[in-house]
Amino acid sequence: MAITEENPGYKWVGTRPIRPDGLEKVTGKAQFGADLMLPGMLFGKVVRSPHAHARIVSIDTTAAEAMVGVKAVITGSDFPDLAANGAHASDIDVASNAIAREKVLYEGHVVAAVAATTRDQAEAAAKAVEVTYEVLPHVLTVDEAMADGAPLLHEGMITKGVDPAPENPSNVASKILHERGDLDQGFGEAHVVVEREFTTKPVHQGYIEPHAAVADANTDGRAHIWCSSQGHFQMRAYSATVLGVSPGNLKVTAAEIGGGFGGKTVIYLEPLAVRLSQRAGRPVKLVMDRDEVFRATGPTSGTRIRVKMGVSEDGKITAAEVWMAYEAGAFSGSPVGAAGMTAIACYDIPNFVVEGYDVVCNKPRVAAYRAPGAPMAAFAVESVLDELARDIGMDPIDIRLANAAVEGTQASYGPKFPRIGFVETLEAIKDHPNYTADLGPNQGRGVSAGFWFNAGMMSSATVHINENGSATVVTGSPDIGGSRQSMALMAAEELGIPYESIKAVVADTETVGFNDVTGGSRVTLATGAAVVDACRIIVEDLRARAAKTWDVEVDQVEWVEGQAQHVEGTQPPLSLNDLAAKSGRTGGPISANASLNSRGVGAGFSTQLCDVEVDPETGVTRVVRYLTAQDAGRAISPDYVEGQMQGGVVQGIGWALNEEYIHNPDGVMENPSFLDYRIPVASDLPMIDCAIVEVPNPAHPYGVRGVGEVGIVPPMAAVGNAIRDAIDVRMTDLPMSPVRILEALNEQSD
Amino acid sequence: MKYVAPSSVEEATSLLSTSPSAQVFAGATDVVPQLRAGRSAPEVLVDLKKIQELVSIVKDDTKWTVGAATPTANLTEDQAFSEEFQGLSEAAGLIGSDQIQNRSSLGGNLCNGSPAADSVPAMVVNGVRAVIAGPNGTRVLDVAEVVTGPGQLSLEDDEFIVEFEIDRMPERSGDAYLRMIPRTEMDIAVVGAGARVTLAEDGSIEEAIVALGAVAPTVVRVPEAEAALVGNTPNEQTLSAVAGAASEVCNPIDDKRGTIAYRKQVAGVLAKRAVLIAVERAQQRNGMK
Ligand SMILES: Cc1cc2nc3c(=O)[nH]c(=O)nc-3n(C[C@H](O)[C@H](O)[C@H](O)COP(=O)(O)OP(=O)(O)OC[C@H]3O[C@@H](n4cnc5c(N)ncnc54)[C@H](O)[C@@H]3O)c2cc1C
């Protein structure tokens with residue numbers, strides 16, 4: 001079901017052709033990160049800290065180096081000391097996370113790496129690296145990290161964003177604050193006020209493909225890296241920083257990627273593989289095991305969030321007060337900033353204070369995860385809004401409609417919203433049959449909404465017309481959500497040739513202009529706009545060539561459905577095939593580049609409706625029905641848009657019900673496997689119904705907003721609100737696992 | 001590491017008694033992950049699936065004989081077996097996924113020694129016996145006696161299970177197995193409960209066996225629940241006695257998969273539900289309902 005504001009009569013945009021990467025993937029030909037084999041290639045293995053927090057007293061590599069097959073062993077001292085070189089703090093953190101120098105800050109932190117002829121030799125050598133640690137006390141949660149006298153991760157960390165600056169260091173990296181109006185007045189005007197406190201656990205992006213990198217270094221300082229990432233230009237930049245070389249010395253080729261969700265925008269293995277390859281004089285492959293993926297990559301923050309909100313009798317939110325603390329893991333940079341900006345962005349609220357803290361602790365450094373920071377804040381805010389609606393007896397969609405941000409609303413984070421489609425997503429839910437479907441015993445229904453900015457940033461594209469009139473669309477944006485199909489569909493629309501005549505590819509860092517990461521739901525918007533620009537340059541060129549052929553002015557030539565037509569019809573049309581075949585006589589190859597820094601991102605909103613059934617005797621919750629409505633702006637490829645919408649929901653359901661990092665008191669992760677870190681399996685889920693809403697983004701040639709992230713913002717509260725409806729218990733701690741639900745039910749009946 | 005695939009029971013036992021660090025395997029769905037995780041490193045891996053009697057299902061008038069290495073998929077797909085032992089078949093059908101069940105065996109499920117193994121409570125309530133081969137011939141042991149603790153067996157290093165004997169289901173009887181997992185599949189039982197009942201002609205319960213998994217170091221019987229059921233119908237009072245006895249007999253651990261309190265409470269719930277299903281099956285099978 002789609003709501004299309006107007007039907008622009010597109011021929012290709014909005015269709016559902018066969019995905020271009022499907023065949024290679026299902027036949028096993030696609031080359032993922034770990035698939036590349038090079039002649040003479042060595043296998044690497046990383047040595048990781050068994051402690052959550054410790055000083056590295058010494059590392060003895062002699063035994064490992066003496067072992068059969070071992071060709072290289074590296075430690076932190078094999079990399080430039082960026083702190084000593086006065087580098088930027090964020091670069092120092094990237095380097096220190098890639099390989100520890102003085103201290104290890106979490107269990108799984110890299111301390112050394114080895115390369116050997118076989119995998120078994122590498123594993124044995126990794127075990128033979130002798131690291132002496134002085135174990136330090138650790139902190140695992142924001143509560144522990146913010147407590148008085150807590151052990152410090154970074155002795156010099158002074159909280160930013162506090163005036164005057166604190167005198168003493170702490171684990172609080174920064175504070176954020178957004179304020180408007182007068183809180184006391186707002187709460188004074190409220191008919192009902194609800195306040196609740198919530199906690200969430202770190203959760204992992206859960207991509208199926210573990211991180212992998214192959215590096216082949218030359219003796220002249222150059223190196224070639226193949227890796228699975230969400231941005232090979234970013235991998236190049238970070239690797240160059242850690243290795244202390246010019247980015248131009250590194251060439252990075254993007255492998256096919258088996259999921260990223262934000263977690264593959266950061267480096268882990270790449271600089272280690274390059275250094276090992278340099279030391280060994282041979283190509284080196286590093287591949288993480290699943291437990292390494294859990295212990296050392298991702299996740300997103302665990303949080304503690306307090307929300308207090310008041311509403312008038314007719315459901316107008318009069319005031320909101322939000323306090324939140326987000327775990328950053330070992331280095332500053334939790335997504336609390338985005339959380340603060342998104343927490344109440346769905347609503348037009350006159351009085352609010354949103355206060356947030358970025359807190360370091362002895363867990364892996366958090367990485368981006370779909371709409372970073374927004375889902376936890378939405379869990380808290382949307383749960384409280386649900387309580388308020390119940391207290392005043394208002395329909396959950398109606399209370400959201402009564403407060404919804406619309407075009408012209410001043411967003412809680414500053415700017416005025418341009419045309420947005422939040423109201424349309426609310427209406428799409430209300431109009432859907434699921435909204436009034438009958439509920440069985442122990443079943444309940446929940447509504448929740450979410451906001452995400454979507455990003456623009458920098459992209460480049462090149463379009464080549466081949467000699468038979470087919471086209472190759474080249475970008476540097478790794479395809480994690482179907483972007484090759486979307487690029488080809490937009491190019492088909494622009495050039496007026498069939499989708500099947502277009503091949504979209506992802507080129508390496510030396511073959512196409514710069515592209516920022518595939519993240520922030522930005523690729524179809526920004527890289528797509530670059531593709532459209534390049535196609536339009538080509539169409540101009542084709543018109544000029546036709547004009548030259550016909551000896552007429554360019555303005556006498558139109559480009560219609562893949563052919564040049566004379567406006568007065570005095571010439572037989574020239575198809576793209578004709579022009580391509582004759583390109584040698586009309587100016588040479590037909591090709592164009594476009595690069596841009598995208599402006600005019602279109603914010604994304606999603607409203608979701610969830611029905612659950614709770615077994616009151618075991619606490620097991622099953623999702624029985626689910627509907628997600630999301631404003632795509634324009635669904636270039638509806639199949640992939642639905643895939644993104646459903647994917648976000650599925651990850652959100654996992655986050656809501658079962659996913660969590662479990663650490664023992666020593667700070668060691670207890671569940672680093674997909675057996676005990678429970679992402680949903682197919683049979684856990686009903687069909688996720690999708691309502692694509694299309695309120696075009698005026699700043700994009702096709703109205704694209706970006707769809708990859710906002711879908712994960714509402715699910716936790718949608719599930720929690722449905723559980724509340726089913727069993728009368730408000731769950732405030734994630735995950736809402738059977739154990740927690742049964743505990744809550746027991747308390748309720750006591 | 002060496003792989004060997006003997007074709008007879010004798011060949012296998014002599015291999016085991018001559019190679020001290022040998023380990024048998026059937027589907028290897030436990031063995032391979034354990035090797036990968038570095039939790040075991042046998043010098044010789046003995047594949048049992050090439051021995052004919054270990055991969056077979058035979059029925060006679062008094063019993064079923066199921067080869068210890070038979071893929072559980074063969075069992076769940078055997079219609080006659082699955083109709084007679086619905087609970088045991090369902091328990092075997094819970095193991096992993098279709099892919100896993102094309103390899104996993106009852107012998108492996110039992111001898112892996114996990115307290116959470118799904119088929120074991122269902123085998124225990126059905127009084128299944130293991131036929132064990134060793135250098136000095138074969139012996140027979142109740143399945144309930146095979147596992148003595150997590151990963152601990154009463155088998156000698158040079159013994160292995162050849163087959164399971166399962167007496168034919170008596171008249172007016174039914175079995176059931178339920179497990180609690182947070183997901184719907186691909187998970188480990190947090191609590192498992194098996195039950196089998198035989199009804200008297202008047203419809204009251206003549207015999208009952210209740211066994212729990214994942215709530216103690218080994219699968220445990222719940223004699224007090226059994227006693228509460230015998231001579232009664234499954235009414236509210238007897239069922240709450242069953243639940244109470246089941247919770248009482250638990251000796252679970254607190255771990256990442258569940259708390260002690262949760263396991264105890266849910267053991268009671270599942271025991272009660274399993275008994276109800278078993279009774280219903282017994283009634284249906286004899287046209288009482
Ligand atoms: C993805 C996945 C999901 C799983 N899900 C479940 C589940 O839901 N429920 C569950 O209970 N289990 C589950 N398991 C565990 C496993 O599949 C079962 O325990 C299975 O029944 C083991 O059978 P196997 O034939 O593969 O055993 P193997 O791995 O071959 O052997 C297991 C152990 O038993 C020993 N052994 C095997 N056969 C004999 C014999 N005849 N005599 C003596 N010793 C023997 C072996 O030496 C080994 O120690 C799962 C495993 C995986 C990988």
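A:D728 is exposed, with a relative accessible area of 53%. In this predicted model, A:D728 pairs with A:R724 in a salt bridge, where the closest N and O atoms are 3.1 Å apart. A:R724, by contrast, counts as buried because its relative accessibility is 14%, and the cut-off for buried is under 20%.

**Salt bridges**

- Both A:R724 and A:D728 belong to a network of salt bridges, whose other members are A:R196, A:D386, A:E387, A:R390, A:D725 and A:R730.
- Over all chains, the structure holds 62 salt bridges.
- Side chains of opposite charge can pair when their charged atoms come close.
- The side chains of A:D78 and A:R279 form a salt bridge with an N to O distance of 2.9 Å. This pair links distant parts of the chain, 201 residues apart: A:D78 sits in the loop between β4 (70-75) and α3 (89-98) of chain A, and A:R279 in helix α8 (residues 270-280) of chain A.
- A:R279 is partly exposed, at 44% relative accessibility.
- A:E197 and A:R306 also form a salt bridge, with 3.7 Å between the closest N and O atoms. A:E197 is in strand β9 (residues 192-200) of chain A and A:R306 in strand β14 (residues 303-311) of chain A, so their pairing ties together parts that are 109 residues apart in sequence.
- A:E197 is partly exposed, with a relative accessible area of 32%, and A:R306 also counts as partly exposed, at 29%.

- The size of an interface is often given as the accessible area lost when the parts come together.
- Between chain B and chain A the buried area is about 1,900 Å², and carbon and sulfur atoms give 50% of that.
- Chain B puts 20 residues into the contact and chain A puts in 23 residues.
- Across this interface there are 16 residue pairs in polar contact, counting pairs with both residues at pLDDT 80 or more. Helix α12 (residues 260-285) of chain B supplies seven residues, the largest share of the side of chain B that touches chain A.
- Six salt bridges are counted between chain B and chain A.
- B:R273 and A:D615 form a salt bridge, their closest N and O atoms lying 2.7 Å apart.

**Strands of chain B**

- Which way do the residues of strand β3 (residues 44-47) of chain B point? B:V44 and B:V46 point one way and B:L45 and B:D47 the other, and all are buried.
- Strand β1 (residues 2-4) of chain B pairs with β3(B) in the parallel sense over three bridges, and B:V44 is the bridge partner of B:K2.
- Strand β2 (residues 22-25) of chain B runs parallel to β3(B) and is joined to it by four bridges; here B:A22 stands opposite B:V44.
- A right-handed β-α-β unit is made by β2(B), helix α2 (residues 31-36) of chain B and β3(B).

**Two serines in loops of chain A**

- A:S228 lies in the loop between β11 (223-227) and α7 of chain A and counts as buried, at 3% relative accessibility.
- The side chain of A:S228 makes a polar contact with the side chain of A:E209 at 2.6 Å.
- Leaving out residues up to four places away in sequence, A:S228 touches several others, among them A:G33, A:A212, A:E256 and A:K264.
- A:S246 is in the loop between α7 (232-243) and β12 (250-254) of chain A and counts as partly exposed, at 40% relative accessibility.
- A:S246 and A:R222 are 24 residues apart in sequence, and their C-alpha atoms are 9.2 Å apart in space.

**Backbone geometry worth a look**

- The peptide bond from A:D163 to A:P164 is cis, with omega near -5°; A:P164 is in the loop between α5 (142-146) and β8 (172-180) of chain A.
- A:L734 and A:P735 are also joined by a cis peptide bond, with omega about -5°, and A:P735 is in the loop between α18 (715-727) and α19 (738-749) of chain A.
- A:M457 is not a glycine, yet its phi is positive, about 65°. A:M457 lies in strand β18 (residues 457-465) of chain A and is partly exposed, with a relative accessible area of 33%.
- A:D551, a residue other than glycine, has a positive phi near 60°. A:D551 lies in the loop between α15 (523-550) and β21 (557-560) of chain A and is exposed, with a relative accessible area of 71%.

Key. Residues numbered from 1 in each chain as written. Chains lettered and ligands numbered in written order. Predicted model: local features only at pLDDT ≥ 70, side-chain atom pairs only at ≥ 80, totals over all residues. Heavy atoms only, no water. Buried < 20%, exposed > 50% of the residue type's maximum accessible area, 1.4 Å probe, protein only. Pairing = 2+ DSSP bridges. Right-handed = clockwise from strand over helix to strand, strands pointing away. Polar contact = N/O pair within 3.5 Å; in protein donor to acceptor, adjacent residues only side chain to side chain. Contact = heavy atoms within 4.5 Å. Buried area = accessible area lost by both parts, 1.4 Å probe. Salt bridge = Lys/Arg side-chain N within 4 Å of Asp/Glu carboxyl O.
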